[in-house]
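Work through the exercises below with the structure open beside you. Each task is followed by a solution in steps.

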Amino acid sequence: MAVNTRTVSAAELDVQREYTAKISALLNQRYTEKPLACVVTYGCQQNVADSEHIKGMLEEMGYGFTDDRQKAKLVIFNTCAVREHAEDRVYGNVGALKKYKLANPDVIIALCGCMMQQKHIAERIRQSFPFVDLVFGTHVVHRLPELLYTAMTRRKRVFELPDIDGVIAEGIPVKRDNDRKAWLPIMYGCNNFCTYCVVPYVRGRERSRQVSDIVEEFKQLVADGYKEITLLGQNVNSYGKNLEPKVTFSELLRILNALEGDFRIRFMTSHPKDCTKELIETMAECDKVATHLHLPFQSGNDRVLAAMNRGYTREKYLSLINYAKELMGDELSITSDIIVGFPGETYEEFLDTLSLVNEVKATGLFTFIYSPRVGTPAAEMDDPVSHEDKAKWLAEILEAQEKISAQQMKLHAGKTFKCFVFGKGKLGDNYLAARTDGNLIIEFEGGERLIGTFQNLKVIEPLTFVMKGEIEKL
């Protein structure tokens, strides 16, 4: 599929820097203390990465940050359109700010992200939430300074929602949420058009960043002390298809793996139809690439997969998983996504999904009851099964996976893993949480100074979803 990818020019970014300076001057005139911004993020890691760029731009404008919406002079909701529940949360949380806005008319309330890129959603915001000042889509995040300045000075609502394939904007400032773990987008958009998914409609077509830009950002992250760097894309396996000369995702991984430094590379999300043996071999051969494969299968029934327009069969999925297990053995961790109750799915077809769960033996699953999305083909399909029955099917999946997870954890008793310590644990006040190369969680007792470091941890007690460990004595 041809894509007219456009890279934002240096001149365009200079214009945004001019607006940044104007906002900074405006804030200094209006407030004696640094005004605070609250950025609320819903949805996937790509949205998290977008919010980090939003906060980077806001910081340059002169904003500080708060998690308390009632203390903020600017509240931005970065929204998700993947499921109805996420949309309902946005409506509720935005509505809750109505009184705050009326009492503080200088406060700016803004909405952005995938949910806003849908015309019917934007129109609902326009009609039902008149106190929202700014609404902008996924393709103009880099223009936030211009859009915000307009909303602040004209006192007129701003809606900027262009329906385009999207752009690539390099050099946008970023304020990362974590000082040791980083998200690094390598591509944007999606060409797959799964019949249940709205992402291609709100994120545009696939477009890949240049290798040189990715490498430069990656090197800077390593120099800044980041230890875990996750490469992001709606389908990372499609990386490089629109580049000249073409570069495969496997080749990009090998380039990054060869860089100097003590770090670990993760990536998500992979699509089974584009997953290759080359990628699996790359994971097995590259010492800095995590042996964790998040490969959503969504359904274990071929008819349902075809109705979903997934582009692979159960047999192909299993062949990839078995090849990965053959090359990486116990080092490999597999996680996946499942949709229960796709329109027209029968209980017998659901049982094929349940049997695939038992066959794959993933260490973790992300499971969802089908949620209709306006504008997608699946939303027009007959859907005779009740939500109550679908919930019962989901419960069967969860019960099976809980047993599998416990079994998988027991396999690692007594083993030692090199783990990245990422934060406080949940097993006790003095416990820290760490992640293995295969994305398994080990909690252990230790001081907070260890957060952000690699530690060798020995598993002393496997639990259901985590393992208890201790630092390996040398």
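**Exercise 1: a charge over a ring**

Task: find which ring the charged end of R435 sits over.

Solution. The model is a predicted one. The charged end of R435 lies over the ring of F422, at 4.6 Å from the ring centre. A second case involves K418: its charged end sits over the ring of F454, 4.5 Å from the centre.

**Exercise 2: the partner of F454**

Task: classify the aromatic pair formed by F420 and F454, and state which parts the pair ties together.

Solution. 
1. Start with the geometry. The structure holds 14 aromatic pairs. The rings of Y91 and F129 make a stacked pair, because their planes meet at 10° with centres 6.0 Å apart, and stacked requires under 30 degrees.
2. Now take F420 and F454. Their centres are 5.7 Å apart and their planes stand at 65°. The cut-off for edge-to-face is over 60 degrees, so this pair is edge-to-face.
3. Place the residues. F420 belongs to strand β17 (residues 416–424) and F454 to strand β20 (residues 454–462), so the pair links parts 34 residues apart in sequence.
4. Check burial. F420 has 1% relative accessibility and is buried. F454, at 15%, is buried as well, because the limit is under 20%.

**Exercise 3: the surroundings of F129**

Task: is F129 buried or exposed, and which residues does F129 touch?

Solution. 
1. Locate F129. The residue sits in the loop between α5 (119–128) and β6.
2. Read the accessibility. At 9%, F129 is buried.
3. List the contacts. Leaving out residues up to four places away in sequence, F129 touches Y91, V94, G95, R124 and R157.
4. Return to Y91. Y91 is in helix α3 (residues 84–95), so its pair with F129 ties together parts 38 residues apart in sequence. Y91 is buried too, at 11%.
5. Y91, F129 and F131 make up one aromatic cluster.

**Exercise 4: the sheet**

Task: give the strand order of the open six-stranded sheet, and say which strands are at its edges.

Solution. 
1. The order is β3-β2-β4-β5-β6-β7, with parallel pairing.
2. The edge strands are β3 (64–65) and β7 (158–160), each pairing on one side only.
3. Look at one pairing. Strand β2 (residues 36–41) runs parallel to β3, joined by two bridges. Here A37 stands opposite F65.
4. Finish with the helix. Helix α6 (residues 144–154) lies across β4, β5, β6 and β7, at about 155° to β6.

Notes. Residues are numbered from 1 along each chain as its sequence is written. This is a predicted model: local features need pLDDT of at least 70, side-chain atom pairs count only at pLDDT 80 or more; totals for chains, interfaces and linings use all residues. Side-chain values use heavy atoms; hydrogens and water are left out. Two strands pair if DSSP finds at least two bridges between them. Helices (H or I, at least four residues) and strands (E, at least two) are DSSP runs, numbered from the N terminus. Contact means heavy atoms within 4.5 Å. Axes are lines fitted to C-alpha atoms, for helices over the stretch in contact, and angles run from 0 to 180 degrees between N-to-C directions. Buried means under 20% relative accessible area, exposed over 50%, partly exposed in between (1.4 Å probe, protein chains only). Rings of Phe, Tyr and Trp (its six-membered ring) pair if their centres lie within 6.5 Å; planes under 30 degrees apart count as stacked, over 60 as edge-to-face and the rest as tilted. A charge sits over a ring if NZ of Lys or CZ of Arg is within 6 Å of the ring centre and within 35 degrees of the ring normal.
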